[in-house]
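Have it open next to you while you go through the points.

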Amino acid sequence: MRRHLTAFAAIAMAGGLLFVPQSANAATAPQTAPQTAALATPPLSPLKLTAYYPRRAWAGDTIVYTLKSRNVGDWPTDIAYVGGYVPKQARKVQITGPSGSYCEADGREVGCLLDTLKPGRTATVKVKVWLRGSARGTATAEFATASIDVPAGGIDTLNIHGIDSGVDLKYVKVRTRILR
């Protein structure tokens, strides 16, 4: 339980940046602050996200997204995150992660907090989406991976103000054509 509290505190500390692209965050930042001060420090353990998905699916059928997150850095991650948005045509969503992870789906948003990911290791998250029978066009989903580095001794007291964490988001947009 304490591991998940630490993870949620670190995500809250990141300022809710996990689902908002970096360009949108820069637009909402005050214009009086220098641009270099608004950037977060890069993490010591960046993640690379690879998405596997079908190129075509029938309306009313399911789409399974397999998201592989690999630690390409030199250090283990403190907290690894995989999540994003499923297509608008989804009527039901299920997300499963590796053992020891905390995964949740809320409407179109999905997210999974992973345990420590060592350098060179890969964690796999599966997102299963049931499409509506009336689905048409292209089902577009967007997924991101984030590595959150928490300084040593920074979150033990749950006082998250003034802690500088390294956060790096990598977005992948996937499209599946819906057949009728």
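1. Labels first: helices (H or I, at least four residues) and strands (E, at least two) are DSSP runs, numbered from the N terminus. Residues are numbered from 1 along each chain as its sequence is written, and side-chain values use heavy atoms, leaving out hydrogens and water. This is a predicted model, in which local features need pLDDT of at least 70 and side-chain atom pairs count only at pLDDT 80 or more, while totals for chains, interfaces and linings use all residues.

2. Start with Gly 97, in the loop between E5 and strand E6 (102-106). Gly 97 has 33% relative accessibility and so counts as partly exposed (buried is under 20% relative accessible area, exposed over 50%, partly exposed in between, with a 1.4 Å probe and protein chains only). Beyond residues up to four places away in sequence, Gly 97 touches Cys 103, Cys 112, Thr 124 and Val 125, where contact means heavy atoms within 4.5 Å. Gly 97 and Val 125 are 28 residues apart in sequence, yet their C-alpha atoms are 4.4 Å apart.

3. Val 125 comes up again in the core. The largest nonpolar core has 28 residues, and Val 125 is among those with the most contacts inside it, along with Tyr 65, Leu 67, Val 127 and Phe 143. (A nonpolar core is a set of buried Ala, Val, Leu, Ile, Met, Phe, Trp, Tyr and Cys residues joined through side-chain atoms within 4.5 Å.) Elements giving two or more residues to this core include strand E3 (62-71), strand E5 (90-96), strand E8 (122-131) and strand E9 (138-149). The largest share, five residues, comes from E8. Apart from this core lies another, of six residues, among them Ile 79, Leu 113, Ile 148 and Leu 169.

4. Now the sheet. Four strands form an open sheet in the order E1-E3-E8-E5, with antiparallel pairing; two strands pair if DSSP finds at least two bridges between them. E1 and E5 are the edge strands, each pairing on one side only. On average, neighbouring strands here are turned by 20 degrees against each other, direction ignored (axes are lines fitted to C-alpha atoms, for helices over the stretch in contact, and angles run from 0 to 180 degrees between N-to-C directions).

5. Which residue of E3 stands opposite Leu 49? That is Ser 69, and E1 and E3 pair over six bridges in the antiparallel sense. Thr 66 is also in E3, and is buried at 14% relative accessible area. Setting aside neighbours within four places in sequence, Thr 66 contacts Thr 50, Ala 51, Tyr 52, Thr 124, Val 125 and Lys 126.

6. Nine of its twelve residues are buried, so E9 is largely enclosed by the rest of the structure. E4 and E9 pair in the antiparallel sense over seven bridges, and Tyr 85 stands opposite Glu 142 in E9.

7. Is Ser 45 buried or exposed? Ser 45 is buried, with a relative accessible area of 0%, although this residue lies in the loop between helix H3 (35-38) and E1. Among the residues Ser 45 touches, leaving out those up to four places away in sequence, are Asn 71, Trp 75, Ser 147 and Asp 149.

8. Last, two charges over rings. The charged end of Arg 55 sits over the ring of Tyr 53, 4.4 Å from its centre, and that of Lys 92 over the ring of Trp 130, 4.5 Å from its centre. The rule is NZ of Lys or CZ of Arg within 6 Å of the ring centre and within 35 degrees of the ring normal.
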